[in-house]
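Q: Please take one part of this model and look at it closely. Then walk me through what else stands out.

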Amino acid sequence: AMAIFLIGGFVILSLVMVLWLGQWFGLDRSMIGVMANALSICGVSAAVATAPAVEAKGSQVAYAIATILGFGILTMFISPFIGHALGLTDLQYGAWVGTGILNSGQVLATALAFNPKVEPGSAVSVAEIWNIMRVISIPFAVFVVTVWYWSGKVGEEEAEKKGLATLLWEKFPLFVLGFLTMVLLTSLGAF
């Protein structure tokens, strides 16, 4: 219950903050949408999932990915030292990096640097569970950012000809529905 609350809060607040800051700095709406999901969910996957829905250019996706991976590399080296200096337990450390580091591979590397044991309750197992819980929110965040993006384009010719629901149907990345289907089937023990 605590993980769901903390991760939900992290995702929602990060999403809102990046959308607001992006508008405040006057960035392009496509760039804001890609960065919002990349910085609130899981970096690369979220950026790629959001890009078609917000008509992002390849350079905008590359910038978002470079930002995520760059900060992830920095945190990979700093986080274990901070965790040990603060005397964090495996649970505390795993929850911290599983929520705060956005790339799944970097979460794994950072948790292993803190404690190389791979067993239930170790930093690795906690971090990966928290990371996966954040990743599961991709479809919902993509939907929110897609609605935000297209609702801001109401004055444009394409948006005037078609309703928001039609635009969402056309622009929403369908693989997200496949992702949700696979999560459901896996949860039901189909695999």
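A: Start with glutamine 60, which is in contact (heavy atoms within 4.5 Å) with Asp28, Ser30, Met31, Val34 and Glu55, leaving aside its neighbours within four places in sequence. This is a predicted model: local features need pLDDT of at least 70, side-chain atom pairs count only at pLDDT 80 or more, and totals for chains, interfaces and linings use all residues. Residues are numbered from 1 along each chain as its sequence is written, and side-chain values use heavy atoms, with hydrogens and water left out.

Glutamine 60 belongs to helix H4, residues 58–85. A helix here is a DSSP run of H or I with at least four residues, numbered from the N terminus. Is glutamine 60 buried or exposed? Its relative accessibility is 9%, so glutamine 60 counts as buried. (Buried means under 20% relative accessible area, exposed over 50%, partly exposed in between, with a 1.4 Å probe and protein chains only.)

Now turn to the rings. The whole structure holds five aromatic pairs. (Rings of Phe, Tyr and Trp, the last by its six-membered ring, pair if their centres lie within 6.5 Å; planes over 60 degrees apart count as edge-to-face, under 30 as stacked, the rest as tilted.) Tryptophan 24 and phenylalanine 25 have ring centres 4.9 Å apart and planes at 70°, so this pair is edge-to-face. Tryptophan 24 is exposed at 58% relative accessible area. Phenylalanine 25 is exposed too, at 58%. Tyrosine 149 and tryptophan 150 also make an edge-to-face pair, with 5.1 Å from centre to centre and 85° between the planes. Here tyrosine 149 is buried, at 3%. Tryptophan 150 is buried as well, at 2%.

The charged end of arginine 29 sits over the ring of tryptophan 148, 3.9 Å from the ring centre. (The test asks for NZ of Lys or CZ of Arg within 6 Å of the centre and within 35 degrees of the ring normal.)

Last, the largest pocket. It holds about 220 Å³ of space. Among its 13 lining residues, the closest to the centre are Ile7, Gly8, Val11, Ser137 and Phe140. (A pocket is an open set of points on a 1 Å grid where a 1.4 Å probe fits, with protein on both sides within 12 Å along at least five of seven lines; lining residues have an atom within 4 Å of a point.) Helices H1 (2–24), H7 (123–135) and H8 (138–151) each supply at least two lining residues. H1 gives the largest share, six residues.

How values were computed. Points joined across faces, edges and corners; volume = space filled by probe spheres on them.
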